[in-house]
Amino acid sequence: MRKIAVLTSGGDAPGMNAAVWAIIKLAAARDISVVGAEAGYDGLIDGNFQELTRELDEGGLAPVSGLDWLAGTGGTFLGSSRCPRFMEPEGRAEAAQRMSHAGVDGLIVIGGNGSLTGAHLLANECDVPVVGIPASIDNDVGGSTDAIGVDTALNTIIEACDRISDTARSHQRAFILEVMGRRSGYLAMAAAVAATADAVLLPEQPLDTDEILDQLESLLRRSFATDRSKRRVLIIKAEGVPTPTLLLADQLKERVADLDNVSVRTIVLGHLVRGGHPTFHDRLIAGRLALGALDALEARTTDVMVGWQSNIGTKTQDPQVSTVPLADMLVETEKLLDGTSDVTAMRMHLIREVQGVLAL
Ligand code: ADP
């Protein structure tokens, strides 16, 4: 293997840059040159490749200069995009042709389950081996306990919870804090436990608006009653819960209007959670998944993802990293999202156990 391409696609996640940096260095050390496709699949289709390694005078390869800041930064310096052209076979054929013209003999795709679906199709339609690395703050890629970016996003969320709690306690407030996660409530669930929230609302536990309001009203009445006299009530809500956060807060306010000195506020963290310096854990898994991906490409394995502490797939030389066929990843992702995966069942079992404790 002489030359590989790498791209980042879909929603950006902190640690994508760390993964790219690890790929560049590991590949250079093995005398494999690396190009980066700019803006995800758009760059692959248009042949926009950026050289990421350079030849040294004394022989061998090194990263191009000026990139050594990469590993510690959020976002993706290669750029990302939603690329409708790649959804069509013609777009993927164009991408395969561009890779072949550029002399690329392996591709690493870093992204979420949409990007990895594209990687699966490309792997089956072109001669170049394709390996995926899961990166998505939503943690909605089946076959990887953690995707790159999840740990950083959770650290940002719990810091926000701590800050909101400071002000909530000062004024005896209830806060409904909404976090990203359209189909997966993982961020809300994990943050609720770590931030010791009082309640968590998840798409995996569908309730209608009245049921939610009944539960929250009773939570507020109990929490602010004189024998408990909590100073703060923190309710974490996943974006995927259909009742809009503002509507929930307005109706909750009406229901507890008789409680003196208690107010209900909302905050939607939204994109604030996407950026920021990747944590140690995200940098660690970025580096180890990069090694697994490069090893897989060198073995000319294709149509696989490397997963972190995977419940499926084949272990690599790194006991925490497995290669998982992309077709199996897609099946596991669907099960993760529709609640039939063992992983989701265990998470829901644990959160049910904890929900009564959170409300205390
Ligand atoms: P993420 O990778 O974060 O889940 P998206 O779902 O937006 O983000 O996917 C990113 C890109 O991956 C899409 O814009 C498209 O180019 C490609 N992609 C997603 N789904 C498919 C699919 N079913 N077939 C081919 N390409 C896809």
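I take helices (H or I, at least four residues) and strands (E, at least two) as DSSP runs, numbered from the N terminus. The model I am reading is predicted: local features need pLDDT of at least 70, side-chain atom pairs count only at pLDDT 80 or more, and totals for chains, interfaces and linings use all residues. Residues are numbered from 1 along each chain as its sequence is written, and side-chain values use heavy atoms, with hydrogens and water left out.

**Entry: the ligand**

I started with the shell around the ligand. I count a residue as near if one of its heavy atoms lies within 4 Å of the molecule. There are 16 such residues, and Gly11, Arg82, Cys83, Gly114 and Ser115 come nearest. Helix α4 (residues 113–125) gives the largest share of this shell, six residues.

I then sorted the shell by class. Ala, Val, Leu, Ile, Met, Phe, Trp, Tyr, Cys and Pro count as nonpolar, Asp, Glu, Lys and Arg as charged, and the others, Gly among them, as polar. The shell has five nonpolar, nine polar and two charged residues.

Next I looked up polar contacts (pairs of N or O atoms within 3.5 Å). A side-chain N or O atom of Arg82 is 2.5 Å from a ligand oxygen. Gly11 places a backbone N or O atom 3.1 Å from an oxygen of the ligand. For Asn113, a backbone N or O atom is 3.5 Å from a ligand oxygen. On its own the ligand has 550 Å² of accessible area (Shrake-Rupley, 1.4 Å probe). The protein covers 79% of that area.

**Entry: the largest pocket**

I asked where the ligand sits. It is in the largest pocket, by the rule that more than half of its atoms lie within 2 Å of the grid points. A pocket is an open set of points on a 1 Å grid over the protein atoms alone, with protein on both sides within 12 Å along at least five of seven lines; lining residues have an atom within 4 Å of a point.

The volume, the space filled by probe spheres set on the points, is about 860 Å³ for this pocket. Its lining has 35 residues, with Gly10, Arg82, Asn113, Gly114 and Ser115 closest to the centre. I note α4 and α10 as the elements giving two or more residues. The largest share, six residues, is from α4.

**Entry: the cavity**

A cavity is a set of points where a 1.4 Å probe fits but cannot get out. I found one of 30 Å³ or more. The largest cavity holds about 60 Å³. Its lining includes Asn139, Tyr186 and Arg347. Helix α11 (342–359) supplies the largest share, three residues.

Conventions. Polar contact = N/O pair within 3.5 Å; in protein donor to acceptor, adjacent residues only side chain to side chain.
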